[in-house]
Amino acid sequence: MKLSRLNITYGIYQLLFLALMFALPIHSKLVPPIISLIGINWILEFNFRQKYKRIVASPYSKYLLSFGLLYILYAIGALYSTQMESQKGALFNLEIKLSLWVFPLLFTTLDFGMFKANFRSRMLYAYIAGCLISVLLIFNNAVFSYFQTQSTDVFYYIKLGFTHHPSYLALYYTFAIAVLITWIFSHPGGNTSKRNTAFFLILVFQLFIVLLSSKAGIMATALLYMLIIAYLILKREKRLKMLASAVLLTVFLLTLSFFPKSYSRFFNAEQAIENAPDTSTQDGSVARVMVWQSSLEIIKEHPFFGVGTGDVEPELMKIYKEKNIRIALDETLNAHNQYLQTFIALGVVGFLLLIASLLVP
């Protein structure tokens with residue numbers, strides 16, 4: 001059968017989306033080139049009139065394109081920024097936030113009827129495979145580093161998750177667990193070996209979430225299991241599913257208890273926060289609280305339009321210097337919270353649009 005140009009174009013789309021899902025948990029530097037190729041393929045498709053018709057016809061376009069509107073606000077915010085071309089200036093911010101515009105535009109202009117029927121499942125398989133490759137990559141790197149340093153620190157936190165920040169990587173694995181649990185519950189009478197493989201992968205991802213020692217990742221995984229159990233109770237699902245979820249949560253918490261370097265981060269953070277604020281602290285949780293307080297001070301001074309897309313970090317640096325928050329100064333920390341970061345940059349309108357983009361759909 002002769003392939004049409006349209007079939008070739010959509011075949012490329014599918015390969016690139018699979019590559020994106022596979023690459024996402026492996027290394028952050030693999031992602032931008034794939035996104036660029038997707039954008040080039042979209043441009044080379046050329047049928048812009050048809051794309052416009054799909055945007056108009058789609059009942060979801062207004063929700064998806066609200067992120068594009070947020071990007072436009074960031075572009076407007078660049079106009080009243082004093083920092084344009086610095087390392088974290090307005091132009092850099094517009095570049096890294098381009099996906100807010102690109103992906104909604106893609107998703108409202110593509111003809112998903114051209115994709116294979118099982119494409120969603122294939123994307124999730126690619127993602128799980130990427131997470132598994134990521135685990136092997138960081139574990140092999142840790143073993144190699146251990147033989148060089150003889151230090152077990154290489155199996156924890158930043159030194160383990162060298163491809164991403166540990167919080168990002170842990171949350172990637174948390175989502176992988178959610179995908180696998182969904183698959184197991186959706187195929188109760190499925191292939192036994194596949195189901196056992198899925199359970200094994202869940203245990204592997206749980207272990208590495210613990211080793212990555214990300215407080216956000218650990219809390220998110222525990223919360224995931226609690227939400228699943230609550231959902232199953234409300235839906236009056238089979239007790240076996242609730243039992244399986246409870247067992248996985250118990251195993252996760254027991255795994256955490258075997259690694260004091262991981263769970264001690266919670267106690268250290270609690271003690272540091274309870275003590276009087278120490279601006280010279282190197283504890284990330286304490287610094288984060290002081291960064292949030294600094295962010296709120298800027299918001300009070302610029303509540304309506306914010307400080308501009310490129311001036312968030314400079315304004316924060318001023319307050320860090322005034323308060324002598326050493327870790328925030330040394331690491332040039334941003335607001336460490338997307339809601340506060342957007343509020344500082346764009347004011348109340350940007351903040352409300354961000355909330356609406358997440359809640360309204």
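This briefing covers aromatic pairs, nonpolar cores and charged side chains in a predicted model. Local features need pLDDT of at least 70 and side-chain atom pairs count only at pLDDT 80 or more, while totals for chains, interfaces and linings use all residues. Residues are numbered from 1 along each chain as its sequence is written, and side-chain values use heavy atoms, with hydrogens and water left out. Helices are DSSP runs (H or I, at least four residues) numbered from the N terminus.

**Aromatic rings**

- The model has 19 aromatic pairs, a pair being two rings of Phe, Tyr or Trp (its six-membered ring) with centres within 6.5 Å; planes under 30 degrees apart count as stacked, over 60 as edge-to-face and the rest as tilted.
- Tyr10 and Phe115 make an edge-to-face pair, with 5.7 Å between centres and 85° between planes.
- Tyr10 belongs to helix H1 (residues 5-23) and Phe115 to the loop between helix H7 (99-109) and helix H8 (119-149), so this pair ties together parts 105 residues apart in sequence.
- Both Tyr10 and Phe115 are buried (under 20% relative accessible area; exposed is over 50% and partly exposed in between, with a 1.4 Å probe and protein chains only).
- Phe343 and Phe351 are stacked, because their ring centres are 4.8 Å apart and their planes meet at 25°.
- Phe343 is buried at 15% relative accessibility, whereas Phe351 is partly exposed at 22%.
- A cluster linked by ring pairs contains Tyr10, Tyr13, Phe17, Phe103, Phe107, Phe112, Phe115 and Phe119.

**Nonpolar cores**

- The largest nonpolar core holds 66 residues, and Tyr13, Phe17, Tyr173 and Phe205 have the most contacts inside it; a core is a set of buried Ala, Val, Leu, Ile, Met, Phe, Trp, Tyr and Cys residues joined through side-chain atoms within 4.5 Å.
- Elements giving two or more residues to this core include H1, H7, H8 and helix H10 (166-186).
- H10 contributes the most, with 12 residues.
- Phe205 is in contact (heavy atoms within 4.5 Å) with Ile128, Cys131, Leu132, Val135, Tyr173, Ala176, Ile177 and Leu180, leaving aside neighbours within four places in sequence.
- A separate core of 29 residues includes Tyr71, Tyr74, Ala90 and Leu333.

**Charged side chains**

- The whole structure has five salt bridges, each a side-chain nitrogen of Lys or Arg within 4 Å of a carboxyl oxygen of Asp or Glu.
- Lys51 bridges to Glu45, with the closest N and O atoms 3.4 Å apart; Lys51 is buried at 2% relative accessible area, and Glu45 is buried at 5%.
- The charged end of Lys51 also sits over the ring of Trp42, 4.8 Å from its centre (NZ of Lys or CZ of Arg within 6 Å of the ring centre and within 35 degrees of the ring normal).
- Lys323 and Glu297 form a salt bridge at 2.5 Å, N to O.
- Lys323 is in helix H16 (residues 312-323) and Glu297 in helix H15 (residues 284-301), so the bridge ties together parts 26 residues apart in sequence.
- Arg326 and Asp330 form a salt bridge at 3.6 Å between the closest N and O atoms; being four residues apart in helix H17 (residues 326-330), they are separated by about one helical turn.
- Arg54, in helix H3 (residues 48-57), is buried without a salt bridge, and Asp111, the nearest side chain of opposite charge, is 4.2 Å away (Lys and Arg count as positive, Asp and Glu as negative; His and chain ends are not counted).
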